[in-house]
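The entries follow the order of my checks.

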Amino acid sequence: MFFFLLFLAHLQAVVIPIFFGIKSINKFKNLKNHILIPFGFIFFGIASLFEMIDHTTTNWIYIDHSSIFNWLFYTFLALGLTSLT
């Protein structure tokens, strides 16, 4: 039961930013470079997806390691922050 709730918590961290990104398309027309804002939210959702995949490969135990999923998590996190700024 605990792992199911843990999975749902991580899943909502994937779905909600992507949903906000899709819903915010063409909503910030008063800002310069408004097209980048939805991408920022979508990149956060993708980063959360890769974090969730990385956690499932380590049985939900934090391990300080290098993996392709960990690298993708930090890459999309940086892309999201860059797009929002």
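**Entry 1: overall fold**

I am working with a predicted model, and I keep that in mind throughout. I counted secondary structure first. The protein has three helices and zero strands. Along the sequence I read the pattern as α-α-α. I then looked up the extent of the C-alpha trace. Its principal axes give about 45 × 30 × 15 Å. Next I asked what share of the 85 residues is buried. The value is 27%.

**Entry 2: helix H3**

I turned to H3, which covers residues 68-84 and has 17 residues. From first C-alpha to last, H3 reaches 24 Å. That is close to the 24 Å expected at 1.5 Å a residue. Which residues of H3 are buried? I noted Asn70, Leu72, Phe73, Phe76, Gly80 and Ser83. Looking down the axis of H3, I found these buried residues within an arc of 160°, so they line one face of the helix. What do the buried residues of H3 pack against? Their partner is helix H2, residues 36-57. I looked at the other side of H3 as well. There, Trp71, Tyr74 and Thr82 are exposed.

**Entry 3: the largest pocket**

I searched for empty space next. Rolling a probe the size of a water molecule over the atoms shows where empty space is left. The largest pocket holds about 170 Å³. I listed 13 lining residues, and those closest to the pocket centre are Asp54, His55, Tyr62, Asn70 and Tyr74. Two elements, H2 and H3, each give two or more residues to this lining. Which element gives the most? H3 does, with four residues. I sorted the lining by residue class too. I got six nonpolar, four polar and three charged residues. Two names carry over from my previous entry. Asn70 is on the buried list of H3, and Tyr74 is on its exposed list.

**Entry 4: Gly21**

I picked out Gly21, which sits in helix H1, residues 2-23. Is Gly21 buried or exposed? Its relative accessible area is 0%, so I recorded Gly21 as buried. I then looked for what Gly21 touches, leaving out residues up to four places away in sequence. The partners are Pro38, Phe41 and Ile42. I also took one distance. Gly21 and Ile37 are 16 residues apart in sequence, yet 7.5 Å apart in space, C-alpha to C-alpha.

I finished with the backbone. Most residues other than glycine have a negative phi. Asn26 has a phi near 65°. Where does Asn26 lie? It lies in the loop between H1 and H2. At 45% relative accessibility, I put Asn26 down as partly exposed. Asn33 also has a positive phi, near 55°. I found Asn33 in the loop between H1 and H2.

Technical notes: Residues numbered from 1 in each chain as written. Predicted model: local features only at pLDDT ≥ 70, side-chain atom pairs only at ≥ 80, totals over all residues. Heavy atoms only, no water. Expected span 1.5 Å × (residues − 1). Buried < 20%, exposed > 50% of the residue type's maximum accessible area, 1.4 Å probe, protein only. Arc of directions from axis to C-beta. Contact = heavy atoms within 4.5 Å. 1 Å grid on protein atoms, 1.4 Å probe; cavity = no way out; pocket = protein on both sides within 12 Å on 5 of 7 lines; lining within 4 Å. Points joined across faces, edges and corners; volume = space filled by probe spheres on them. Nonpolar A, V, L, I, M, F, W, Y, C, P; charged D, E, K, R; others polar.
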